Amino acid sequence: MRFLPTDEQSDFARTLRSLLGSAQVPAAVRAWADGEHGPGLALRSRLAGTGLFALAAPESYEGAGLLPLELALGFAELGRAGVPGPVVESAAVSVLLSELGDEALAKRFLPGLVAGEAWATLTLPGGSPYALDADAAAHCFTVSAAGELRLAAPASGEVLRSTDPARRLARPSATGGELLAAGPAVARAAGAAGRWARLLTAAQCLGVGEALLERTVGYVKQRTQFGTPIGSFQAVKHRLADTLLALEFARPLVWAAALSLAPGDVAAAKLRCGGAAYRAAMTALQLHGAVGYTEELDLSLWLRKARPLRDAWGTPSECRAEVLRSVTRG
């Protein structure tokens with residue numbers, strides 16, 4: 001059994017990392033938090049050029065096929081770079097439309113999502129009632145507990161913010177909107193979309209944790225105390241080592257979940273990756289000291305993502321419950 005990405009998959013991840021490293025993502029994140037979507041939309045177009053969004057759509061609709069492992073690799077890089085926008089939700093919508101089996105709906109929406117011409121956001125039964133970045137998305141989809149898929153308009157009023165200012169929230173209207181489909185097929189497709197959303201959020205958490213650790217390691221090599229870099233202190237080394245181990249133990253769970261897409265595997269990956277990212281954030285904040293609290297420092301862009309991403313598309317308690325159910329069923 002192979003436990004590492006193939007050369008082709010690794011090349012794809014490196015391509016994304018190189019693109020994002022030269023794309024001035026922190027400036028785009030700050031603009032997004034202020035409601036200025038231009039830089040984020042330009043970044044979306046560049047990402048579409050790599051074929052990233054095509055990995056969540058069938059070839060018959062201009063996609064590359066449903067490839068969760070490759071997409072998870074890509075979303076880890078999005079997390080590492082701190083890319084703003086409803087990237088997870090757009091991919092989940094592509095999966096929902098692909099799994100639904102309605103050719104007319106797929107032809108209507110999927111080509112634009114694959115080409116990076118539009119973003120979509122989504123709410124599902126049992127999840128958060130708030131749609132992420134509905135003010136920037138071209139389409140806002142909702143699935144009700146009754147199995148109705150609607151193209152909804154977000155409620156009017158002020159956009160809400162989460163702990164991460166770049167995660168802008170709105171509550172879609174509970175009634176009205178265009179009814180697109182209804183019935184058991186919608187419920188099944190929504191279940192698949194929810195698993196993909198949880199998997200890709202786990203991958204984002206992994207990338208966020210890696211970025212926080214990398215920046216913290218660089219900082220402790222430079223910051224001195226009593227004429228000595230604090231990175232040489234044993235307590236600091238232990239804290240960083242614990243953080244690294246948490247991330248390394250979380251990584252294979254993401255790849256296993258991407259290969260199986262089993263609910264328990266996906267929940268386990270989300271639980272471990274969310275916890276590892278949050279631990280990395282706490283380590284980064286402690287070792288940076290007071291400077292870690294400043295908004296001017298780019299570190300804050302990742303610090304503020306760790307907690308919301310840990311809880312998005314499955315809180316720790318929800319993921320634990322799903323893992324327990326899978327063990328009981330097994």
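The legends below describe close-up views of a predicted model.

**Figure 1. The open sheet of four strands.** The strands are arranged in the order β3-β5-β6-β9. The pairing within this open sheet is mixed. Strand β3, covering residues 120-123, and strand β9, covering residues 178-182, are the edge strands, and each of them pairs on one side only. From one strand to the next, the twist averages 20°.

**Figure 2. The pairing of strands β5 and β6.** Strand β5 comprises residues 139-143, and strand β6 comprises residues 148-151. The two strands run antiparallel and are joined by three bridges. The view includes Val143, whose bridge partner in β6 is Leu149.

**Figure 3. Two helices and the sheet.** Helix α5, formed by residues 87-100, lies across β3, β5, β6 and β9. The direction of helix α5 is at about 75° to β3. Helix α6, formed by residues 103-114, packs on the sheet and touches β3, β5, β6 and β9. The direction of helix α6 makes about 110° with that of β9.

Figure 4. Helix α8 spans residues 234-260 and contains Thr243. Thr243 counts as buried because its relative accessibility is 1%, and buried means under 20%.

Key:
Residues are numbered from 1 along each chain as its sequence is written. This is a predicted model: local features need pLDDT of at least 70, side-chain atom pairs count only at pLDDT 80 or more; totals for chains, interfaces and linings use all residues. Side-chain values use heavy atoms; hydrogens and water are left out. Two strands pair if DSSP finds at least two bridges between them. Axes are lines fitted to C-alpha atoms, for helices over the stretch in contact, and angles run from 0 to 180 degrees between N-to-C directions. Contact means heavy atoms within 4.5 Å. Buried means under 20% relative accessible area, exposed over 50%, partly exposed in between (1.4 Å probe, protein chains only).
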